[in-house]
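Colleague: Hi! Could you walk me through this one?
Modeller: Happy to, here it comes.

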Amino acid sequence: MTDTKTYYHELTFVLGEDRVQIDEPMSRHISFRVGGPADIFLRVGDTAELEKVLGILQTAGVPYFFLGKGTNLLVGDRGYRGAVITFTGVKSQPLTDTTKELPAIEAGEFSEAAPLDTVCIAGEEITAGAGASLTRVAVMARDNGLSGLEFAAGIPGSVGGGLVMNAGAYDGEMRQVVKSARLLMPDGKILTVSNNDLRFGYRKSLLKEIPAVALQVTFRLTPKEPSAITEKMQDFANRRLAKQPLEYPSAGSTFKRPEGHFAGQLIEEAGLRGYTVGGAGVSEKHCGFVVNRDNASAAEIRQVIEDVQAKVLAHSGIRLEREVIFLGEF
Ligand SMILES: Cc1cc2nc3c(=O)[nH]c(=O)nc-3n(C[C@H](O)[C@H](O)[C@H](O)COP(=O)(O)OP(=O)(O)OC[C@H]3O[C@@H](n4cnc5c(N)ncnc54)[C@H](O)[C@@H]3O)c2cc1C
């Protein structure tokens, strides 16, 4: 095992000092706005850097976690003992809305040097780095008259996180529009994996089964009038505003939808609308959301989630499965 000083030095040699943070508060990086420090926080720009960084961490025996935009995550108050690696907001290119101005990169042919939050269009396909924002890709698709990602415009995560979770809303989910993904496999090989082999299911994919890293995703979309796409996105946005407690920090729907039921309804029927522990609680507006109402701790949010699971099970016999991922020490 390499000592801390040595691997810190090696990491800064690869990324530069400004992209290696020590004891970085995770509350800055997750949508619940809670969470203690990660021992090391690394902003990785491209695949070549990623391979070097993983080599250093593996040699040093340091555990690591890939962070997208932190919108489906609860990090404990005592933080994470290891390295958190992100690709978001590192080297992104300016958003551009004409295919002409974009580099002519064919799907799946991003160079190793392409920043991991780049978005490129080739005909009816968009290839986006895992660190790109899903909203940004959806808007770019719309501006180029490409339909299919309307559902994603209001999902605040990254392309990588969306792939892992098979993110979806209203009439769409990632499974319907992903053509393939470039993955760094656990054995160090980089593969282009087709939709079928990504094993999408309800809020899951192959990346929930194996510790591969999503590098890029290629979407196959359909031509449509931008005004019709805008109309659909606007309708979805209005529905979100009306139903979801977007005024409070959260991670979206806390629980998966149990087959044949709605989590929110089961929670309400168990008498838990507005149920509170400290600053955390079940949203009054939408019982499927646990929210950080008033400077909650991660432990309080976790307590609400676990109490809801226990009380719904006692009331209805149905076990609510968490959609939100727990990380670190609480
Ligand atoms: C207000 C709000 C509304 C939401 N609405 C929706 C919705 O309508 N539909 C929906 O599905 N979700 C919704 N969510 C939840 C969340 O936005 C999605 O689950 C999203 O896909 C998570 O993406 P992320 O980048 O934030 O991932 P994170 O939360 O950062 O990570 C999620 C998982 O993906 C892994 N991961 C991330 N990037 C990579 C990578 N490059 N390689 C390997 N693993 C990676 C992480 O390790 C983690 O296990 C909502 C959240 C909020 C806060």
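Modeller: One term to begin with: helices (H or I, at least four residues) and strands (E, at least two) are DSSP runs, numbered from the N terminus. This is a predicted model, where local features need pLDDT of at least 70, side-chain atom pairs count only at pLDDT 80 or more, and totals for chains, interfaces and linings use all residues. Residues are numbered from 1 along each chain as its sequence is written, and side-chain values use heavy atoms, with hydrogens and water left out.

Colleague: Great. Which element gives the largest share of the shell around the ligand?
Modeller: That's H4, with five residues. The shell has 34 residues (a heavy atom within 4 Å of the ligand), and Phe66 and Thr71 are among the closest.

Colleague: What lies 2.6 Å from a ligand oxygen atom?
Modeller: A polar side-chain atom of Thr71. For Phe66, a backbone N or O atom lies 2.5 Å from an oxygen atom of the ligand. The protein buries 91% of the 980 Å² that the ligand exposes when taken alone (Shrake-Rupley method, 1.4 Å probe).

Colleague: Switching topic, how is the chain divided into domains?
Modeller: Into domain 1 (4-87), domain 2 (105-242) and domain 3 (245-327), with bounds from an automatic or database domain assignment.

Colleague: And how much area is buried between domain 1 and domain 2?
Modeller: About 1,200 Å², with carbon and sulfur atoms giving 66%; that is the accessible area (1.4 Å probe) the two parts lose on being put together, summed over both. Thr47, Lys69 and Phe87 supply 46% of what domain 1 buries against domain 2.

Conventions
Polar contact = N/O pair within 3.5 Å; in protein donor to acceptor, adjacent residues only side chain to side chain.
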